[in-house]
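Visitor: I'm new to this one. Could you walk me through how to read a few of its features?

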Amino acid sequence: MNEFNALERRAGLLRVQGTQQATIHTGMFLEVLAAKQAGNEQLANFYVERFPPDVRKAYDAWLAQRPFENPNADPHPFVPRLYEPRGTREAADATAKAASPLKTARSARNISGQYLANTVLFVTVLFFASASGKFEQQRVRSVAFAFAVAVLFALVRTAMLPL
């Protein structure tokens with residue numbers, strides 16, 4: 001379970017970092033649009049030149065669609081087919097790797113629960129077996145002893161569990 005938790009935390013961290021970077025990239029893109037709208041090509045180029053390579057690639061692909069003339073163009077360069085936030089693949093890989101330890105942990109939890117249930121049954125049976133001799137009425141002694149015979153059931157159940 002610790003391995004699963006570590007992988008899930010890593011995936012979560014990668015997603016948060018990717019979202020933070022995508023937010024910064026989106027802000028830069030909006031500044032480019034504002035500068036172009038204001039007719040300040042020098043400022044627009046200033047921002048475009050500072051785009052990281054993955055953003056620049058998405059931006060250039062978006063511009064190639066001629067978005068200001070083409071109504072079918074993507075609404076912005078941050079659509080999934082043009083841009084993928086950093087860490088997305090690594091987060092998906094960590095989440096996929098976490099599935100195996102989670103399955104193992106759940107299986108171990110189930111087995112340990114069965115051991116605990118068998119132990120409780122075994123202790124209860126032993127209690128009634130030892131107490132059966134203390135009763136004076138034969139009927140009560142017989143019922144207590146019959147219940148104690150269930151120790152065989154507890155032993156068989158325990159023996160069938162994996163080690």
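Guide: E84 and R89 form a salt bridge, and their closest N and O atoms are 3.2 Å apart. The term covers a side-chain nitrogen of Lys or Arg within 4 Å of a carboxyl oxygen of Asp or Glu. One caution: this is a predicted model, where local features need pLDDT of at least 70 and side-chain atom pairs count only at pLDDT 80 or more, while totals for chains, interfaces and linings use all residues. Residues are numbered from 1 along each chain as its sequence is written, and side-chain values use heavy atoms, with hydrogens and water left out.

Visitor: How many salt bridges turn up in the whole structure?

Guide: A search finds five. Among them is R56 with D60, at 3.2 Å from N to O. Those two are separated by about one helical turn because they sit four residues apart in helix α3, residues 53-64. Helices here are DSSP runs (H or I, at least four residues), numbered from the N terminus. R56 is partly exposed at 32%, and so is D60 at 36%. Another bridge joins E41 to K36, with 3.5 Å between the closest N and O atoms.

Visitor: What about rings? How many aromatic pairs are there?

Guide: The whole structure has eight. Rings of Phe, Tyr and Trp (its six-membered ring) pair if their centres lie within 6.5 Å; planes under 30 degrees apart are stacked, over 60 edge-to-face, and the rest tilted. Take F51 and Y59: their centres are 5.3 Å apart with 65 degrees between the planes, an edge-to-face pair. F51 is buried at 6%, as is Y59 at 3%. F78 and Y83 are also edge-to-face, because their planes meet at 90 degrees, with the centres 5.0 Å apart. F78 counts as buried at 15%, and Y83 is buried at 4%.

Visitor: Which residues make up the aromatic cluster?

Guide: F29, F51, Y59, W62, F68, F78 and Y83 form one cluster.

Visitor: And where does L152 lie?

Guide: L152 lies in helix α6, residues 151-160. At 54% relative accessibility, L152 counts as exposed.

Note on methods
Buried < 20%, exposed > 50% of the residue type's maximum accessible area, 1.4 Å probe, protein only.
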